[in-house]
Amino acid sequence: MRSILVLFLFLALGGAAPAPTPGLKTSVFAGGCFWSAEHGMEKVRGVVDVVVGYSGGSRRNPTYENHEGHLEAIRVTWDPARTTYSDLVTAFYRNIDPTDPNGQICDIGPSYRTAVFVADDAEKRVAEQVKADVARQIRRPVATRTLPRSTFWMGEGYHQDYAAKNPGHYNRYRVGCGRDARIQAVWAGRG
């Protein structure tokens, strides 16, 4: 019982994420506002779970109010029997504006920059190939960085599944931000 309580408090208060379920894999992406990145990736074939948090910085136990140096990120748990890493990275790119070096659409600043966090050289090769394919498809330079994977810190509970728990607010934010229109403009006619 005590271990369940400790796990609950750990997740509720944020912290480094626990290991994935055997047979499943995890990947970490930064796609601007983590609500939108989570919302987009939840719909991808083979994705089992998506959680929001912070990654890429050196600060331990970052919070929404104090995550300087980190990017708002998502940890995607996925089933390799149902999708590939290449397909997952491709889906990530299709849910962002990869040309924006300063953030994503109306979310501007260092913590909103985009990145694919890679766990090893094999993932790095795949991520760089997808990035090159994206640059050819959209005929523009890609600003999304490929970075070494670092500790993923869970975001606060009220940020998890934000779009599902707060659909009215999230949809007003998304429309007001112009995210869908911008992504559609970047990818229009690109297959």
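1. Conventions for helix packing. Axes are lines fitted to C-alpha atoms, for helices over the stretch in contact, and angles between N-to-C directions run from 0 to 180 degrees. Helices (H or I, at least four residues) and strands (E, at least two) are DSSP runs, numbered from the N terminus. The model is a predicted one: local features need pLDDT of at least 70, side-chain atom pairs count only at pLDDT 80 or more, and totals for chains, interfaces and linings use all residues. Residues are numbered from 1 along each chain as its sequence is written, and side-chain values use heavy atoms, with hydrogens and water left out.

2. Helix 2 against helix 6. The axes of helix 2 (residues 34-41) and helix 6 come within 11 Å and cross at roughly 100°. Helix 2 is therefore roughly perpendicular to helix 6; angles of 65 to 115 degrees count as roughly perpendicular, under 35 as roughly parallel, over 145 as roughly antiparallel and the rest as oblique. On the side of helix 2 the contact is made by Trp 35, Ser 36 and His 39, and on the side of helix 6 by His 169, Tyr 170, Tyr 173 and Arg 174. Contact means heavy atoms within 4.5 Å. By class, this contact of helix 2 with helix 6 has three nonpolar, three polar and one charged residues (Ala, Val, Leu, Ile, Met, Phe, Trp, Tyr, Cys and Pro count as nonpolar, Asp, Glu, Lys and Arg as charged, and the others, Gly among them, as polar).

3. Aromatic pairs. The structure holds eight aromatic pairs; rings of Phe, Tyr and Trp (its six-membered ring) pair if their centres lie within 6.5 Å, and planes under 30 degrees apart count as stacked, over 60 as edge-to-face and the rest as tilted. One of these pairs, Trp 35 with Tyr 162, is stacked, at 3.7 Å centre to centre and 5° between the planes. The pair joins distant parts of the chain, with Trp 35 in helix 2 and Tyr 162 in helix 5 (residues 162-165), 127 residues apart. Trp 35 is buried at a relative accessible area of 13%, and Tyr 162 is buried at 11% (buried means under 20% relative accessible area, exposed over 50%, partly exposed in between, with a 1.4 Å probe and protein chains only). Trp 35, Tyr 162, Tyr 170 and Tyr 173 form one aromatic cluster.

4. Cysteines. How many disulfides does a search of the whole structure find? The search finds one, a disulfide being a pair of cysteine sulfur atoms within 2.5 Å. The partners are Cys 106 and Cys 177, with sulfur atoms 2.1 Å apart. Cys 106 lies in the loop between strand 5 (103-104) and strand 6 (107-108) and Cys 177 in helix 6 (residues 167-177), so the pair ties together parts that are 71 residues apart in sequence. The link of Cys 106 and Cys 177 is left-handed, with -115° about the S-S bond. Cys 106 is partly exposed at 40% relative accessibility, whereas Cys 177 is buried at 11%. For Cys 33, the closest cysteine sulfur is that of Cys 177, at 7.8 Å, which is too far for a bond; Cys 33 is buried, at 6% relative accessibility.

5. Leu 71. This residue is in strand 4 (residues 71-78) and is buried, with a relative accessible area of 6%. Leu 71 and Cys 33 are 38 residues apart in sequence and 9.3 Å apart in space, C-alpha to C-alpha.
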